[in-house]
Amino acid sequence: MSPHESHMRLALELARRPTRPPYPNPWVGCVIVKQGRIVGRGWHNGPGTRHAEVVALAQAGPRARGAVVYVTLEPCCHYGRTPPCTDALIRAGVSEVVFALRDPNPQVAGRGARLLRAQGIKVTSGPCAAEARALNEVYLKFRDTGLPFVSIKVAASLDGKTATRAGHSQWITDPAARQRGRQLRAGHQAVLVGITTVLKDDPHLGPRIRGAPDPWRIVLDSSLRTPPRSQVVRTGRCIIACARAASPQRQSRLEKQGVQVWRFPGRQVPLRRLLTQLANHGIISVLVEGGSEVLGSFFDNGLVDRAYWFLSPRILGSQSARSAIGGEGVARPAQATQLQQPKIAPVGRGWLLTGAVCPKARE
């Protein structure tokens, strides 16, 4: 392993230090090395906090002059909530900047590297690029498409059922799987369900883990049937997406409870337009939990990026039992959605299957 790779891997480890996702900003770590010794380390904790390079430069102090800076993403060169990192690097007198990945943000997108080179600073890019890309898959999806990164979570029996023929769903998976599911909620900015799930289960949709960030609850509810006293409403972090014809009186009642009601044209909520609006509000990571028709609609519209599938060692049977994925589905097996490099690991008495959705499945 080259020195560039070893130092960049440490920067990647530092990037993962925050206890909550930094979205809509990227995960970034930074290491400053002088004469083979690490003199500064830093990572970014999210919007409004100091960037990784600035934290590392503060730790390095005057030792940063003539040093090599390793950072997982191209340094920013624009004013946002904080000043440009390129300015800080230039003032510190560093000799070289090595970054893993170019920042696709239109305000950066190569400009950061050019500004540094124009000041006589050597710039190298590419070490550990694949790892940096995997770390920031959410941020990169948002920058490339303007849409949030969408994960789906399913808890099903071995025969793909999420409830019995009598409609009972609690509990198909065991406590260990449910705890892992709550951890997934903590890793996303928002958890999305349909109105049927709210009416049937009155879910909380929070991680219920001490110190974990509380996600937004997004409810697809064309007619605004969400009860004002439901758990999703009482959390104080609820967005309900409805159709144009929904009752203004119901909207008023929900808004008095602190709910944000978003109206959309048509008889049903357009998913892509909803996702675009969420991204415009800084929500770029969404976990879709159900129900079956909602999950199916996300697959039908090619909007799923990653799947988390909890498998219970139970078999429920019955054609009338609720299946995990509804929607229109596909006509031929060749059209089926596929997972890239799926991984399976034991969780409690069952398993967790994870994988990215194959891009070809969206065509």
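Where is Asp202 found?

Asp202 is found in the loop between helix 8 (195–201) and strand 8 (216–220). Helices (H or I, at least four residues) and strands (E, at least two) are DSSP runs, numbered from the N terminus. The model is predicted: local features need pLDDT of at least 70 and side-chain atom pairs count only at pLDDT 80 or more, while totals for chains, interfaces and linings use all residues. Residues are numbered from 1 along each chain as its sequence is written, and side-chain values use heavy atoms, with hydrogens and water left out.

Phi of Asp202 is near 45 degrees, a positive value in a residue other than glycine. Asp202 counts as partly exposed, at 31% relative accessibility; buried means under 20% relative accessible area, exposed over 50%, and partly exposed in between (1.4 Å probe, protein chains only). Cys128 is also a residue other than glycine with a positive phi, near 60 degrees. Cys128 is found in the loop between strand 5 (122–125) and helix 5 (129–135), and counts as buried at 7% relative accessibility.

Two cis peptide bonds can be described. One joins Tyr23 and Pro24, with omega about 10 degrees; Pro24 lies in the loop between helix 1 (3–15) and strand 1 (29–34). The other runs from Gly290 to Gly291, with omega near 5 degrees, and Gly291 is found in the loop between strand 11 and helix 12.

## Salt bridges

A search of the whole structure finds six salt bridges, a salt bridge being a side-chain nitrogen of Lys or Arg within 4 Å of a carboxyl oxygen of Asp or Glu. Side chains of opposite charge can pair when their charged atoms come close. Glu137 forms a salt bridge with Arg306, with the closest N and O atoms 3.1 Å apart. This pair links distant parts of the chain, as Glu137 is in helix 6 and Arg306 in strand 12 (residues 306–311), 169 residues apart. Glu137 is partly exposed, with a relative accessible area of 26%, whereas Arg306 counts as buried at 18%.

Asp305 forms a salt bridge with Lys141, and their closest N and O atoms are 2.7 Å apart. This pair too links distant parts of the chain: Asp305 is in the loop between helix 12 (292–300) and strand 12, and Lys141 is in helix 6, 164 residues apart. Asp305 and Lys141 are both buried.

Lys153 forms a salt bridge with Glu289, where the closest N and O atoms are 3.5 Å apart. Lys153 lies in strand 6 and Glu289 in strand 11 (residues 285–290), so the pair ties together parts that are 136 residues apart in sequence. Both Lys153 and Glu289 are buried. A network of salt bridges links Lys153, Arg185 and Glu289.

## Helix 11 and buried contacts

In helix 11 (residues 271–280), the residues Leu271, Leu274, Leu275, Leu278 and Ala279 are buried. Seen down the helix axis, the buried residues of helix 11 fall within an arc of 140 degrees, so they line one face of the helix; the arc is that of the directions from the helix axis to the C-beta atoms.

Leu275 is 127 residues from Pro148 in sequence and 6.3 Å from Pro148 in space, C-alpha to C-alpha. Pro148 has its place in the loop between helix 6 (137–145) and strand 6 (149–156), and is buried, with a relative accessible area of 0%. Elsewhere, Thr86 in helix 3 (residues 85–92) counts as buried at 1% relative accessibility. Thr86 and Leu115 are 29 residues apart in sequence and 7.3 Å apart in space, C-alpha to C-alpha.

## Surface patches

Patches are made of residues with over 30% relative accessible area and no salt bridge; like charges are joined within 9 Å, and nonpolar side chains (Val, Leu, Ile, Met, Phe, Trp, Tyr) within 5 Å. A patch of positive charge on the surface gathers Arg225, Arg250, Arg253 and Lys256. Lys and Arg count as positive and Asp and Glu as negative, while His and the chain ends are not counted; the place of a charge is taken as NZ of Lys, CZ of Arg, CG of Asp or CD of Glu. Arg250 is found in helix 10 (residues 248–256) and is partly exposed, with a relative accessible area of 33%.

Leu158, Ile315, Ile344 and Trp351 form a nonpolar surface patch with about 420 Å² of accessible area together. Accessible areas come from the Shrake-Rupley method with a 1.4 Å probe, and for residues only the protein chains shown count as cover. Leu158 lies in the loop between strand 6 and helix 7 (175–186) and counts as partly exposed at 46% relative accessibility.
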